[in-house]
Amino acid sequence: SIAVKKGNSDLLTEINTALRIIKADGTYQKILDNWKPKEALFYSREQITNMILTAAIFALLILILIAVLWMVTLKKELTQKKAAEEKLREQYSTLRSIIDSANALIFSVDRQYRYTSFNLGHAAAIKALYGAEIEQGQSLLEYMTVPEDREIAKRNIDRTLTGEQLVEEAYSGEELRTRHYFHVSHSPIKTKKEQIIGVAVLAQDITARKLAEDSLRRLNRELRAITNCNQVLIRSEDEKTLLNDICRIICDEAGYCMAWAGYAEYDDAKTVRPVAWAGNEVGYLADANITWTDTERGRGPTGTAIRSGESTCIQDFVTDPQAAPWRENALLRGYRSNLALPLKDESAKAFGALTIYSMEPNAFTTDEIHLLERLAEDLAFGIMVLRTRTEHRHTKDTLYEAQQVFRTLIENSPDIIARYDRDCRRTYVNPTYLKVAQISHHELIATAPLQRSPLPAASAAVLQNLLCRVLDSGLVEAVDIIWPKKGNIDHWYNIYAFPEVDREGRVVSVMTVSRDITDRKRAEEELNRLNAELEQRVKQRTAELEQKNAELDKMNKLFVGRELRMVELKECIRELERSSGEKGDGDGRQ
């Protein structure tokens, strides 16, 4: 039954209506069918009190058991928590060690660019790049002293704070002192609700790789330039064009801003004379006044390279003291470094230098210098080849002219000229030979060694022996032989045999020059005859003179005897005169 407050007819109406409805659809009957009566028990107050007390004790025991279990569980959880915390600390320490020892820069910042964490690598990098000791909670941007770096860092962090995952390659630090290249990854830091609260940055220092790539790129570029230079070396016909082409290739294909070649002059000032250049020269060489003396303007790379024969470079025109005389003009044209390479001749003496300029400081690495030295060596070799080729061409022309003169002299010489090989076969005879021998050229050249010689057998044998001696000794020798001419009138010829040698000094042939000395021989014979006649006449005259001398001696003896007698007579006369005088004096005194 349902009781309704008296006077609440509306509720009573609604309830009765509802009962009618559930009776109509069978729900009411289902309720009655499912309702079962239960047995009711009655307890006394004392029983109820005991039951409550028992229930309270039982509940207290349960509570105590639950408390004990909870305490055991709590202790276990505390132990596990401590172990987990210890493990977490170990893991954190390990992770921190890994992060600090990682070959990468790792740090994170909040939305105000303040450090929330960083590893030792990042701290060391900031110290190296900007000279700052970073602290957690301080702004990253405040430590960046290079404005360009600060703007890039802020822009990348702002992009990442919008949810963008950013990966790029960038550089940081001052250009001339501490610049490094990095591969940088920016990742947003999010809460569980996907709220971005900061940025994590992982940067890998790729400076070495970047420099290696740049160096490799430059080396490849220079190798291509060297290849093209070698092609120019092969095709060049004159020295000036070669130097201009090499300088152009160095600038256009190797990427340098200026290149020039200069030759060492041997004047009083020992100047270096520019002979070719290319690139951004714009009057630099006219004001450079470079020498190769040991003075201020001779101690630069070009003068030093010529003087010492070694490659010399200025890696920075701003700081290098060698660059002082040229610093202002060089920086005005954008030159920051240069390299001078000596050009050496066959005796390894520098006759000039190839000087290359770059718009970057420290542009010339060891590998680049080695490659450019090879280029300079090839250039110097090419110059020497061209000079040698020019000399050979001149020598060839001179030799050709000399050959023509020599041929003319031989062809028109009145002497008999012939050449014999190592088997004593004739390989050449001049027209005079044919005229004297009265035999055709074909018959004379085609004959075996001296077997069909126009000479008598004895003279041919003498000539054969002469040729053999000269072929063996390599010395010039001469003989006189008889050569019968037309009418069986013997003529004398003086034959000089000259050895002809190859480049190794081996005698390969003999040239003979035969001169008609018949008149000389006849003159000698006449002279001998006259000498014989003169000798006979001298003998006869000597006999006559000896006879005359004997007669003269006889007469001399006769004359000498007479002279002695005359002396004696004169002495007697003087004695008589003295005696006569003494007697006269005595008579006067008496």
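In the predicted model, Met511 counts as buried because its relative accessibility is 9%, below the 20% limit for that class. Met511 belongs to strand 15, which spans residues 507-516. With residues up to four places away in sequence left out, the contacts of Met511 are Ile417, Ala418, Arg419, Tyr496, Ala497, Phe498 and Glu500. For one of these, Arg419, the C-alpha atom lies 4.4 Å from that of Met511, although 92 residues separate the two in sequence.

The largest nonpolar core comprises 38 residues, among which Leu354, Ile356, Leu379 and Ile383 touch the most other members. At least two residues of this core come from each of helix 7 (207-235), helix 8 (239-252), strand 6 (258-264), strand 7 (272-279), strand 9 (337-344), strand 10 (350-358) and helix 12 (366-411). Helix 12 gives the most, with 10 residues. Beyond its neighbours within four places in sequence, Leu354 contacts Cys247, Ile250, Trp260, Ala261, Leu339, Ala340, Leu341, Leu343 and Leu379. A separate core of 26 residues includes Ile134, Leu141, Met144 and Val201.

Four cavities of 30 Å³ or more are present in the structure, and the largest cavity holds about 340 Å³ of space. Its lining consists of 23 residues, with Phe107, Met144, Ala153, Ser172 and Val184 nearest the centre. Two or more lining residues are contributed by each of strand 1 (105-110), helix 4 (120-130), helix 6 (147-161), strand 3 (166-172), strand 4 (180-190) and strand 5 (196-205). By residue class, the lining of the largest cavity contains 17 nonpolar, four polar and two charged residues.

Conventions
Residues numbered from 1 in each chain as written. Predicted model: local features only at pLDDT ≥ 70, side-chain atom pairs only at ≥ 80, totals over all residues. Heavy atoms only, no water. Helix = DSSP H or I, 4+ residues; strand = E, 2+ residues; numbered from the N terminus. Buried < 20%, exposed > 50% of the residue type's maximum accessible area, 1.4 Å probe, protein only. Contact = heavy atoms within 4.5 Å. Core = buried A, V, L, I, M, F, W, Y, C linked by side-chain atoms within 4.5 Å. 1 Å grid on protein atoms, 1.4 Å probe; cavity = no way out; pocket = protein on both sides within 12 Å on 5 of 7 lines; lining within 4 Å. Points joined across faces, edges and corners; volume = space filled by probe spheres on them. Nonpolar A, V, L, I, M, F, W, Y, C, P; charged D, E, K, R; others polar.
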